[in-house]
Amino acid sequence: MIIAVAQFSARPCDIGANAARAAALVSEAGARGASLVVFAELAVTGYELDAIVAGQDRLTMEPDDPRLAPVREACRAAGVAAVVNCAGRTAAGPTISSFVYGPDGAPLTRYDKTCVTDRERAAGFVPGSGDGGRFTLGGVAFGLLVCFDAHFPELTARAVADGCRVQLASSLYGRGNGEEEVRTVFPALARDHGLYVLLANHTGPAGPYDGCGRSGVWGPDGLAVASAREGEELVLAELPLG
């Protein structure tokens, strides 16, 4: 199975432009043989925490939001599944959420970030319950993480116990400390739990951060299978998951 990581610079609060960019990358991934493409944390709005909360429902979304129709249509046309991270809408407040669409464009699952950071909590984001975040594609079970979730190994251990063979992390890591975290956290997560781990990260300006890029895929031995550098890039990895 070929899985793609989409690394690009999101336009702040411009859902239309970011959804169009995501749709184009889904189409490109499909043309290059991918079955699944994964996007970074808050790729649809950019990592604009205060603006999202201040905008109330204007910048939050649910999986059937019409503004995500271009992505769903691209999935259907290309026969590709996608993990699209958005500001989710709940009764308790906004969440940082991965919406998963199948190769027919229909929603497969939703995962709300479990371990929100202090910055996110202070802005008004609420944590998810830790439920969900599982889907099956081509007979392979996948788990979902959002950024800081990767720093809590028990979440990945739970995914392994549920039969997942791949963890998909939509994230934002900036230059400096973030680069070191990418180099250490994700290889260790893959090696310690014996599964494939995929990171989709931002590149360039993202809220108060400067995304360091370096999205990639690590194998169960902790070694890199595929990796990006800086700049916008679609990285593909063929994994022996059949």
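Strands β8 (residues 166–170) and β9 (residues 196–200) pair in the parallel sense over five bridges, where pairing requires at least two DSSP bridges between two strands. The model is predicted: local features need pLDDT of at least 70, side-chain atom pairs count only at pLDDT 80 or more, and totals for chains, interfaces and linings use all residues. Residues are numbered from 1 along each chain as its sequence is written, and side-chain values use heavy atoms, with hydrogens and water left out. Helices (H or I, at least four residues) and strands (E, at least two) are DSSP runs numbered from the N terminus.

**Sheet**

- Gln167 has Val197 in β9 as its bridge partner.
- Six strands make up an open sheet of mixed pairing, ordered β6-β7-β8-β9-β12-β13.
- Its edge strands, each pairing on one side only, are β6 (134–137) and β13 (224–227).
- On average, neighbouring strands of this sheet are turned by 20° against each other, direction ignored.
- Helix α6 (residues 177–193) packs on the sheet and touches β7 (140–146), β8, β9 and β12 (216–218); contact means heavy atoms within 4.5 Å.
- The direction of α6 makes about 150° with that of β9; axes are lines fitted to C-alpha atoms, for helices over the stretch in contact, and angles run from 0 to 180 degrees between N-to-C directions.

**Nonpolar core**

- The largest nonpolar core has 83 residues; such a core is a set of buried Ala, Val, Leu, Ile, Met, Phe, Trp, Tyr and Cys residues joined through side-chain atoms within 4.5 Å.
- Leu36, Val37, Phe39, Phe135, Phe142, Leu168 and Phe186 touch the most other members.
- Helix α1 (residues 15–31) gives the most to this core, with seven residues.
- Beyond its neighbours within four places in sequence, Leu168 contacts residues including Leu36, Phe135, Phe142 and Leu198.

**Helices α1 and α3**

- The axes of α1 and helix α3 (residues 69–78) come within 8 Å and cross at roughly 10°.
- This makes α1 roughly parallel to α3, a term for angles under 35 degrees.
- Ala19, Ala22, Ala23, Val26, Ser27 and Gly30 in α1 meet Pro70, Val71, Ala74, Cys75 and Ala78 in α3.
- The contact residues divide into nine nonpolar, two polar and no charged.

**Pro103**

- Pro103 lies in the loop between β4 (95–101) and β5 (107–112).
- Its relative accessible area is 34%, so Pro103 is partly exposed (buried is under 20%, exposed over 50%, partly exposed in between, with a 1.4 Å probe and protein chains only).
- Outside four places in sequence, Pro103 is in contact with Cys75, Arg76, Gly79, Val80, Ala81 and Leu137.

Methods. Parallel < 35°, antiparallel > 145°, perpendicular 65-115°, else oblique. Nonpolar A, V, L, I, M, F, W, Y, C, P; charged D, E, K, R; others polar.
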